[in-house]
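Biologist: I am new to this structure. Can you walk me through its aromatic rings and its surface?

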Amino acid sequence: MTNENIRIKDLPPVYTISALTQYFLKLGTLGFGGPVALIGYMHRDLVEDKKWISEDEYREGLALAQLAPGPLAAQLGIYLGYVHYGVWGATLTGLAFVLPSFIMVVLLGMAYKVYGGLPWMQSVFYGVGSAVIGIISLSCYKLTIKSISKIEPEAIKSRWVLWIFFLTMAIVTAITQREEVWLFILLGFIYMVVKAPPKLLQRKHTSLSVILLAGTGFWQYEPGELVKLALFFTEAGAFVFGSGLAIIPFLQAGVVNEMGWLNEQQFLDSVAVAMITPGPVVITVGFIGFLVSGFAGAAVAALGVFLPCFVFTVLPAPYFKKISKNTSIKAFVDGITAAVVGALVGSVFVIATRSIVDGASALIAVTTILSLIYIKKLQEPYIILAAAIVGFCIKTYL
């Protein structure tokens, strides 16, 4: 363990719970780009720049967030809040992270009902979606070299097993367009056995037992619909693994095909709302809930998705922190982290195939990457705003 990690882990935190809450409030207000970009921002800001969180703590949180059901970025934020300030920290960071985007989607839902749809949204999303691809592609690159190794012959050679895990999950995710949680666990166990096998595995005839651990429809709602919303979205939050993007197919099947709450165009608009607003992508459930049963529906839908996420992060967190110091568990976490990052790269490929549809959108994505690399201190919200204007102009006037 480095001196830096010792300082961060063993001494009292160098930040207040108020400062951490303010950070997540800002991230929830200005953090565009979806789950991959959001977890990249957390690493850049909290680990690299502020040094509030150690590299080990971040990796533990990322592994736990991927193992538990629910939206990845929200779970990681909740875990990082828990690290030094327990349940209160987890609660405040979770609320601060989700609240800004929830308010935004409710306001957009009100406008959507008043004007009978938001046709301009697809034009804006054309540019925003392309810029998002650029942002998350760069975030993935940084996360890869930080979590696995630098892209240099010697570094790759020394951690070749993790690179195989990374590539395997990237390819599997790109082909299947879903994140297989059982593969994360399997690869984690394989790396643990290879790198630091538990003592039980070093003895013959022993078995290993592991437990992981108003005109806008604002006040309009039907009590029966609220119950259905609560049950459906709680199931979504409790049983869908992976990033917030992984929940989209589940929502589409239930909201459009099974329940008939929205038609296909309304559902696509709800996904677009999630992508053009900051914070976690899964906040689209707030927009869907509003269209179905006003503000009450939005609140019930959001609570249904995020409450299981909170519970499944906070309950195992103290045990996960304790056992993560074990060398075998560290190897297990390293293996899962490599698989997680690979899956995120695969997810970026899947999203790119849907967002990059022509030469202009590809140019926006490439320009975004180059701008972030060569223009120092350029903030992502400015890029998103510029991309939204460019996309709107291309679709409206060309």
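Modeller: One term comes first: buried means under 20% relative accessible area. Keep in mind that this is a predicted model.

Biologist: How many aromatic pairs does the structure hold?

Modeller: Rings pair if their centres lie within 6.5 Å. By that rule the count of aromatic pairs is nine.

Biologist: Is the pair of Tyr23 and Phe24 stacked or edge-to-face?

Modeller: Both Tyr23 and Phe24 are buried. Their ring centres are 5.2 Å apart, with 85 degrees between the planes. Planes over 60 degrees apart count as edge-to-face. The Tyr23 and Phe24 pair is therefore edge-to-face.

Biologist: Phe233 and Trp261 also pair. How many residues apart in sequence are the parts they tie together?

Modeller: This pair is stacked, at 6.4 Å centre to centre and 15 degrees between the planes. Both Phe233 and Trp261 are buried. Phe233 lies in helix α10, and Trp261 in the loop between α11 and α12, so the parts tied together are apart in sequence by 28 residues.

Biologist: Which residue lies over the face of Trp52?

Modeller: Trp52 belongs to one aromatic cluster with Tyr15 and Tyr85. At 4.9 Å from the Trp52 ring centre, over its face, lies Lys50.

Biologist: Now the surface. Is Leu315 buried or exposed?

Modeller: Leu315 lies in the loop between α13 and α14. With Leu303, Leu307, Val311 and Phe312, Leu315 forms a nonpolar patch on the surface, with about 450 Å² of accessible area together. Exposed means over 50% relative accessible area. Leu315 has 58% relative accessibility, so Leu315 counts as exposed.

Technical notes:
Residues numbered from 1 in each chain as written. Predicted model: local features only at pLDDT ≥ 70, side-chain atom pairs only at ≥ 80, totals over all residues. Heavy atoms only, no water. Phe/Tyr/Trp six-rings, centres within 6.5 Å; stacked < 30°, edge-to-face > 60°. Buried < 20%, exposed > 50% of the residue type's maximum accessible area, 1.4 Å probe, protein only. Helix = DSSP H or I, 4+ residues; strand = E, 2+ residues; numbered from the N terminus. Lys NZ or Arg CZ within 6 Å of the ring centre and 35° of its normal. Patch = residues over 30% accessible without salt bridge, like charges linked within 9 Å, V, L, I, M, F, W, Y side chains within 5 Å. Areas by Shrake-Rupley, 256 points an atom, 1.4 Å probe, with all protein chains shown as cover. Salt bridge = Lys/Arg side-chain N within 4 Å of Asp/Glu carboxyl O.
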